[in-house]
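Take a look at the model first, then read on.

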Amino acid sequence: MTLTPTKFIWFNGEFVPWEEAKVHVLTHTLHYGMGVFEGIRCYKTERGPAVFRLKDHIERLHNSARMVGMKIPYGIEELIEAVKETIRRNQIEECYIRPIAFYGYGVMGLNPAGAPVNVAIVVWPWGTYLGEEGLKRGVRVKISPWRRIHPLILPPQAKVVANYANSILAKVDALSSGYDEAILLNLDGKIAEGPGENVFMVKDGVLCTPPVSSGALIGITRDSIIRIARDEGIPFEERELTVDDLLGADEAFFTGTAAEVTPIREVDGKPIGAGVRGPITERLQRIYFDTVRGRNSKYLEWLDFVS
């Protein structure tokens, strides 16, 4: 999606104009990929802009950094307030939020020691990642020929910049093949996740998703849907899933900050269930959107109101 610039970017504790938020061409992370980031959404509600599960996202940013030995020079509460102030400064009611911590200019070579850790927070308007039509009708998905990175190669539980080269390969392959999105398998041939989404399926009324040991990120939207499903009395299982399991499912969908809750109607040209958004998917999707827009008082603790 094309970026729509906003006015200010929070960069190392200061607000700078969008067009002036620049880094040196020898920025360490640009060359070696060792940075960590988050994707967060702010939604318009009747009480003003509200960020969904902000603290959980910022904690995960810090956890990702710890997993790769990076020390972020700003605490969790500092970054939470910085996110809110960035939204206020840009006078935006609904946006995507990208906090990123990366090694800056100062050293070259694989050892990042001596390079400063830079932190930026960017907000911009961003619509539905897989399309408004995809939310209603579902998306067409391809099983990727690329396998998900193994935990002994790179840590899939950390949102590391380098990990997403794997995702890009899968995404571009799916698009070039005429599909909307991909699903990656792990080295054992079990379903891991999408390029930027967790995968769920429904069979005989039971909601299932792969365990994180399959190579799936501990998604915050994933966690939200699991909690909502349990609260709704929907049977839930976390278990390894095969492609055959998915093809035999009654329903399937993606979850993620960008994808939100997007039905999967087809995999490798084969319809999932009736080939339309299923009733459990629709139910969870409705509750999720009511939640993020402040219309569901049951989950108000997940919202950080900006004003």
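## Strand 4 and its partners

Strand 4 and strand 5 (residues 48-52) pair in the antiparallel sense over 4 bridges; two strands count as paired if DSSP finds at least two bridges between them. Strands here are DSSP runs of E with at least two residues, helices are runs of H or I with at least four, and both are numbered from the N terminus. With 2 residues between them, strand 4 and strand 5 make a hairpin.

Strand 4 also pairs with strand 6 (residues 95-103), again antiparallel, over 3 bridges. Cys42 has a bridge partner in each neighbour: Val51 in strand 5 and Cys95 in strand 6. Of the 6 residues in strand 4 (residues 40-45), 5 are buried, so the strand is largely enclosed by the rest of the structure. Buried means under 20% relative accessible area (1.4 Å probe, protein chains only).

## Helix 6 against helix 8

The axes of helix 6 (residues 220-231) and helix 8 (residues 279-292) come within 10 Å and cross at roughly 110°. That makes the two helices roughly perpendicular (65 to 115 degrees).

On the helix 6 side, Thr221, Ile225, Ile228 and Ala229 meet Leu284, Ile287 and Tyr288 of helix 8, where contact means heavy atoms within 4.5 Å.

## About the model

This is a predicted model, with local features needing pLDDT of at least 70 and side-chain atom pairs counting only at pLDDT 80 or more, while totals for chains, interfaces and linings use all residues. Residues are numbered from 1 along each chain as its sequence is written, and side-chain values use heavy atoms, leaving out hydrogens and water.

Terms used
Buried means under 20% relative accessible area, exposed over 50%, partly exposed in between (1.4 Å probe, protein chains only). Axes are lines fitted to C-alpha atoms, for helices over the stretch in contact, and angles run from 0 to 180 degrees between N-to-C directions. Angles under 35 degrees count as roughly parallel, over 145 as roughly antiparallel, 65 to 115 as roughly perpendicular and the rest as oblique.
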